[in-house]
Amino acid sequence: MKSGSNAFLKRLKRQPPRDLDEVVHRLHDQVFAKTDCLSCANCCKTTGPLWTERDKDRVAKRLRFKTADFEAKYLRLDEDGDWVLQQLPCPFLEADNACAIYEDRPKACREYPHTDRAKQVQILELTAKNAAVCPAVGEIVARMELIYAEKGSPVGPAPQGPRGRRR
Ligand code: SF4
Ligand code: SF4
């Protein structure tokens, strides 16, 4: 994500446009239609999912583990008490960037990067973080900036002061 996009997302949070979900969902469809996740897999390499109880049970069953054994082999509790992978890249990421447990992958993997979710205003901080990991989200945010700048929205780029400093 280019520098300045974080500030843009913060302004968006303060003054959310009414059409925010509509714009983000349209961009999500456009950008992911031309994104090849199999040539990227950056999310699986750098940020694993949080695992729900259902996720653990489902994947453990697929791998013919007891859930407790699956936890011991692959997961750990993080400082917030969430189940996360012990190691990254994700151990289920294959050499060709496919997911070895695709049909049973965690809910968080299915929903990543959340740019098709309702109430985008509630996850703008997460979108800013995801833009640093996911090139598709970076592209969505860049296009959002252009769209709102063209609309003359108050959330467009902030005016520049002398020598490029923000006023
Ligand atoms: S980081 Fe984004 S573009 Fe890359 S594989 Fe994940 S979802 Fe797809
Ligand atoms: S479970 Fe699959 S989709 Fe989820 S991080 Fe691992 S390889 Fe990626």
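Helix 2 (residues 20–33) packs against helix 8 at an angle of about 130°, and their axes are 10 Å apart. Here axes are lines fitted to C-alpha atoms, for helices over the stretch in contact, and angles run from 0 to 180 degrees between N-to-C directions. Helices (H or I, at least four residues) and strands (E, at least two) are DSSP runs, numbered from the N terminus. Helix 2 and helix 8 are therefore oblique to each other; angles under 35 degrees count as roughly parallel, over 145 as roughly antiparallel, 65 to 115 as roughly perpendicular and the rest as oblique.

Which residues meet here? From helix 2 come Val-23, Val-24, Leu-27, His-28, Val-31 and Phe-32, and from helix 8 come Ala-136, Glu-139, Ile-140, Arg-143, Met-144 and Ile-147. Contact requires C-beta atoms, placed from the backbone, to lie within 7 Å. By class, this contact has nine nonpolar residues, one polar and two charged. Ala, Val, Leu, Ile, Met, Phe, Trp, Tyr, Cys and Pro count as nonpolar, Asp, Glu, Lys and Arg as charged, and the others, Gly among them, as polar.

This is a predicted model, so local features need pLDDT of at least 70 and side-chain atom pairs count only at pLDDT 80 or more, while totals for chains, interfaces and linings use all residues. Residues are numbered from 1 along each chain as its sequence is written, and chains are lettered from A and ligands numbered from 1 in the order in which they are written.

Helix 8 (residues 135–150) has another partner in helix 7 (residues 124–131): their axes come within 7 Å and cross at roughly 120°. That makes helix 7 oblique to helix 8. Thr-127, Asn-130 and Ala-131 of helix 7 touch Val-137, Gly-138 and Val-141 of helix 8, a set with three nonpolar, three polar and no charged residues.

Now to the ligands. Around ligand 1 (C-beta atom, placed from the backbone, within 6 Å) sit residues including Cys-37, Cys-40, Cys-43 and Cys-134. Helix 3 (42–46) and helix 8 each give two or more residues to this shell, which has ten nonpolar, two polar and no charged residues. Ligand 2 has Cys-44, Cys-90, Cys-99 and Cys-109 among its surrounding residues, and its shell divides into nine nonpolar, one polar and one charged.

Stepping back, the chain holds eight helices and two strands, in the order α-α-α-α-α-β-β-α-α-α.

Note on methods: Two residues are in contact if their C-beta atoms, placed from the backbone, lie within 7 Å.
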